[in-house]
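Please look over the following structure.

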Amino acid sequence: MANLQSNFLGIKSPNPFWLASAPPTDKKINVLRAFEAGWGGVVWKTLGTQVKNVSSRYSAVEYNGQRVMGFNNIELISDRPLDINLIEIKEVLKEFPDRAMVVSLMADNDRNSWHELVKKVQDTGAHGLELNFGCPHGMVERGMGASVGQDPEIAKMVVEWVMEVAQIPVITKLTPNVHSVVPAARSVLKAGSNGLSLINTIQSVTGIDLDTLVPNPNVAGHSVFGGYCGPAVKPIALKFLTTLSQDELTNKVPISGIGGITSWKDAVEFMLLGASNVQVCTAAMRYGFRIIRDLCDGMNNWMDEKGYKNIEDFVGLSVPKMIKWEELDINYHIIANIDQDKCIHCGLCYIACEDTSHQSINIEKGNPYNKYTIKEEECVGCNLCKIVCPVSDCITMEEHRKGDEYLNWKEFQKRGLPLNDH
Amino acid sequence: MSIQNNRLSAEEFTKNFVDVHPPFEHAEGAVIEANRCINCYDAPCTKSCPTSIDVPLFIKQIASGNIKGSAKTILSSNIMGGGCSKVCPVEKLCEGACVFNLLEDVPISIAKLQRYSTEKAIHEQWKLFERKPSNGKKVAVVGAGPAGLACAHALSLQGVEVTIYEKEEKGGGLMTYGVAAYKVTPTFCKEEVDYITSLGGITINYKQSLGKDILLADLQKNFDAVFLGIGVGIARELNIPGENADGVVDAISFIYNLRTNDFNKIAVGDKIAVIGMGMTAIDAATQSKRLGAKEVTLIYRRTENEKPCTDVELDLARLDGCSVIWLANPKEIISENGKVKQLVCSKMKLGEPDKSGRRAPVDTGETFILDVDMVIKAAGQIPFEEVIQNADLKNNQGKIMIDHLTATNHKGVFAGGDCVNGGKEVVNAVQEGKDGAKAILSYLQLESI
Ligand SMILES: Cc1cc2nc3c(=O)[nH]c(=O)nc-3n(C[C@H](O)[C@H](O)[C@H](O)COP(=O)(O)OP(=O)(O)OC[C@H]3O[C@@H](n4cnc5c(N)ncnc54)[C@H](O)[C@@H]3O)c2cc1C
Ligand SMILES: Cc1cc2nc3c(=O)[nH]c(=O)nc-3n(C[C@H](O)[C@H](O)[C@H](O)COP(=O)(O)O)c2cc1C
Ligand code: SF4
Ligand code: SF4
Ligand code: SF4
């Protein structure tokens, strides 16, 4: 049995899975249910000035009949009275002292408001604070949320205010609505933030009702930009996370990975790219808290299989494998191979390659089944056929190096080696 | 033992003849199934559909919510796509070729999806086709079965005026008079014929029989071209002693009665022997069981390996409680007071392969006796040889002979469907009707092939 215990800036939890600051963590009933189900910790729904929400609030993107490939919301921070939240936090802490209790904050944009909020929350006995510099809607218009996170200078100033009174670890949650998260991350760390988390949601329009012509979600015939999350954003989140893991300043602090995590595999991937733990929202909203069982079990079995005893053993292991394009080995060459015993003759590899890649698949017409084979000399090893093939391991990419030595693009140019002639 | 009707209650009849392949009840089910299809290129399912329906396209149109487009994709390849979705033996056609079979997984429910779109089109009378302005050409079609209707529709689309001569009082051919009652209802068959003719330019003259009410020579004179789609009709005789006893019926008339009367009017025996193992035999056996017969036994000369029906069909009969005796050939029907009492069968064994490639049954000399009060003959159908001979049509044992462009030996006379192929499926007849139309358009110089 691997040890899933997590220690994030001294905040301990029995497993590295926290619920992200969102509706699943906005009151005692939910959080108790989450802890009963086995979640390692929560980041309590963002507290600050009380706000008013609208109806409806969510929309989603379907793909090929699958619901919630991506999820979108126009909710604001907690709309419940601050005092009630604080009392409930205290009560939950008493019932589940072994779970991580981090509280997300977004105060009005002045020093006093931040000081007051931080102090009140610290008094509950919470283990840590997460600063919400990421919310892309509603709060931005008031100079809060993403508008703080998008400007490294403002972000720095706010973190400085917080650090003046903070006695527990402070995590800054970054917005992905920027071309790079690194400047804001460096800035908040310089101001004293102890750790980072990312990503918050990405501004989006998820779709339009083609009868009413109103985009989703519909609020009395109108809509606004929302925040996009769920499985669709995972690759974007992983990219932002990697940039933090590659930066010599930002990679010195723990990072909590967020964005589209649905399965234990997703979580392992975030951790391999440098996240010390992970946070989940959409998957829980989709299926309920019970998903924690397979998140833990799957990660545990994978760790046992690979021989990792503790989660720290694999955090960041994939980071060195991400390099610059110019450093890639041009002599590495792979060629697709079709296993005729596994092939079901669907022709998807053929039409993809023929219409959009390198015309490298041969078709031999049959009735009703055609035979498909690879033209090895034409195949550029792009992976497209393997990606579209519906049968696992039917198309494999086999190594046929162009040369024995490692050869990168700079060297290739220096030697004046020939480019393609067709 | 006796032959009698009205064996079951009205509720039991309704229950027994309910749709064997029920439709999708909800759009969700159709969309989930449509999304399961992986959208093959040069798809095996399309290649295995005699009318070459672009299956992946119509399925993706269901998935995308373009149901109208989906219906049009289906119906432009197969104007009887609605009926076909209910009666095609898909296990040996499209679904039998679906790549999911190669993954040892259930094939996509192509027919059920096809039904989903076409049923909507037919019920809601979607106007999916518009015919070209009339070009003054007139074509006569004989037979309002699948072949004749498909030919008529394709011709009318191009502006030809079509007159169909049909001997029965309803259209649809064996779809209306032959196919099992738990596959299609008379109401559906009528709706489908009406939908096809709603295009315009097609007139059906019922109760007009070629050879009796009309002559081919007259049609040749009065029309620019003629298409013959008269099907095959008569049940093959067994040619054994006792065949004329009371209680011996042929499957085609038995089913014809069943399809044209209320279920409680159809008399069946207590113990029935059905001779044959084709689709008609299966349909006769299952339907007599569903009408209340106590014991139904299918008698077949060869073994399960050589059977002409599909596994799915045989399973249907078995699930209905019919039993099967393999390697048995009817030898004599014994009657008492003119009524069937026993069926004597020869026990057979398999010999060398015959010209169909299947091993031929050989008489062992041994016999056995079955107590029965009804015998249904379903040993195949034979063509309307007399009509065809009298019209001087070149034929092969009554099957009209055509060239590669569906033309018969008479100039301007074309043919297709069961009357040419000897009896296949509805979907084959539709394709042959389309082929006939294409050849006629070229003959009339309206379109080049
Ligand atoms: C019992 C049975 C069950 C079947 N079940 C299925 C099934 O489940 N699925 C399937 O795909 N196929 C089934 N078939 C086969 C299918 O019905 C036929 O292949 C198809 O109907 C052939 O179409 P057609 O237009 O060539 O001939 P038909 O459907 O036979 O149509 C011919 C038409 O011509 C008319 N006609 C005949 N002679 C004359 C004349 N002298 N003058 C004027 N009109 C005339 C007939 O009345 C008829 O309307 C079944 C057949 C039988 C017998
Ligand atoms: C394999 C591949 C190569 C691409 N190469 C280029 C490129 O050279 N230049 C460019 O501007 N965009 C390139 N793109 C981006 C596409 O033009 C397009 O902007 C992007 O794929 C988003 O569209 P889509 O996902 O809807 O297809 C490429 C995309 C793919 C998938
Ligand atoms: S995509 Fe895969 S299964 Fe389909 S034809 Fe190509 S190799 Fe065969
Ligand atoms: S017409 Fe029949 S064979 Fe053709 S696709 Fe439809 S159900 Fe399948
Ligand atoms: S073979 Fe099956 S999966 Fe492929 S297109 Fe046809 S129905 Fe779809």
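**Ligand shells, cysteines, strands and domains**

Q: Which residues lie around ligand 3?
A: A residue is near a molecule or strand if one of its heavy atoms lies within 4 Å of it. For ligand 3 this gives Ile338(A), Cys343(A), Ile344(A), His345(A), Cys346(A), Gly347(A), Cys349(A), Tyr372(A), Cys389(A), Pro390(A), Cys394(A) and Ile395(A).

The model is predicted: local features need pLDDT of at least 70, side-chain atom pairs count only at pLDDT 80 or more, and totals for chains, interfaces and linings use all residues. Residues are numbered from 1 along each chain as its sequence is written, chains are lettered from A and ligands numbered from 1 in the order in which they are written, and side-chain values use heavy atoms, with hydrogens and water left out.

Q: How many residues of the shell around ligand 3 are nonpolar?
A: Ala, Val, Leu, Ile, Met, Phe, Trp, Tyr, Cys and Pro count as nonpolar, Asp, Glu, Lys and Arg as charged, and the others, Gly among them, as polar. The shell around ligand 3 has no charged residues and two polar ones, and its nonpolar residues number ten.

Q: What class do the residues around ligand 5 belong to?
A: Around ligand 5 stand Cys37(B), Ile38(B), Cys40(B), Cys45(B), Pro56(B), Cys98(B), Val99(B), Phe100(B), Ile108(B) and Ile110(B). No polar and no charged residue is in this shell, and ten are nonpolar.

Q: How many disulfides does the structure hold?
A: A disulfide is a pair of cysteine sulfur atoms within 2.5 Å. In Cys379(A), the sulfur is too far for a bond because the closest cysteine sulfur, in Cys385(A), is 6.2 Å away. Cys322(B) is too far for a bond as well, because its closest cysteine sulfur, in Cys309(B), is at 11 Å. Over all chains, the number of disulfides is zero.

Q: Is Cys322(B) buried or exposed?
A: Buried means under 20% relative accessible area, exposed over 50%, and partly exposed in between (1.4 Å probe, protein chains only). The relative accessibility of Cys322(B) is 6%, so Cys322(B) counts as buried.

Q: How many bridges join S11 of chain B to S12(B)?
A: S11(B) and S12(B) form a hairpin with five residues between them, where Gly357(B) has a positive phi of about 90°. Within the pairing, Leu350(B) has Pro361(B) as its bridge partner in S12(B). S11 covers residues 339-353, runs antiparallel to S12(B), and the bridges between them number nine.

Q: Which residue in the hairpin of S10(B) and S11(B) takes a positive phi near 55°?
A: Eight bridges join these antiparallel strands, and Ser335(B) has Val340(B) as its bridge partner in S11(B). Two residues lie between the strands, and the residue with the positive phi is Asn337(B).

Q: How exposed is Glu336(B)?
A: Glu336(B) lies in strand S10 of chain B. The C-alpha atoms of Glu336(B) and Gln389(B), 53 residues apart along the chain, are 39 Å from each other. Glu336(B) counts as partly exposed because its relative accessible area is 46%.

Q: Which residue of S13(B) is the bridge partner of Ile275(B)?
A: Strand S7 (residues 271-275) of chain B pairs with S13(B) in the parallel sense over four bridges. Strand S6 (residues 248-250) of chain B also pairs with S13(B) in the parallel sense, over three bridges. Asp250(B) stands opposite Lys377(B) in S13(B), and the partner of Ile275(B) is Lys377(B).

Q: How far apart lie the C-alpha centres of domain 1 and domain 2 of chain A?
A: Domain bounds come from an automatic or database domain assignment. For chain A it gives domain 1 (6-321) and domain 2 (325-414). The distance between their C-alpha centres is 40 Å.

Technical notes: Two strands pair if DSSP finds at least two bridges between them.
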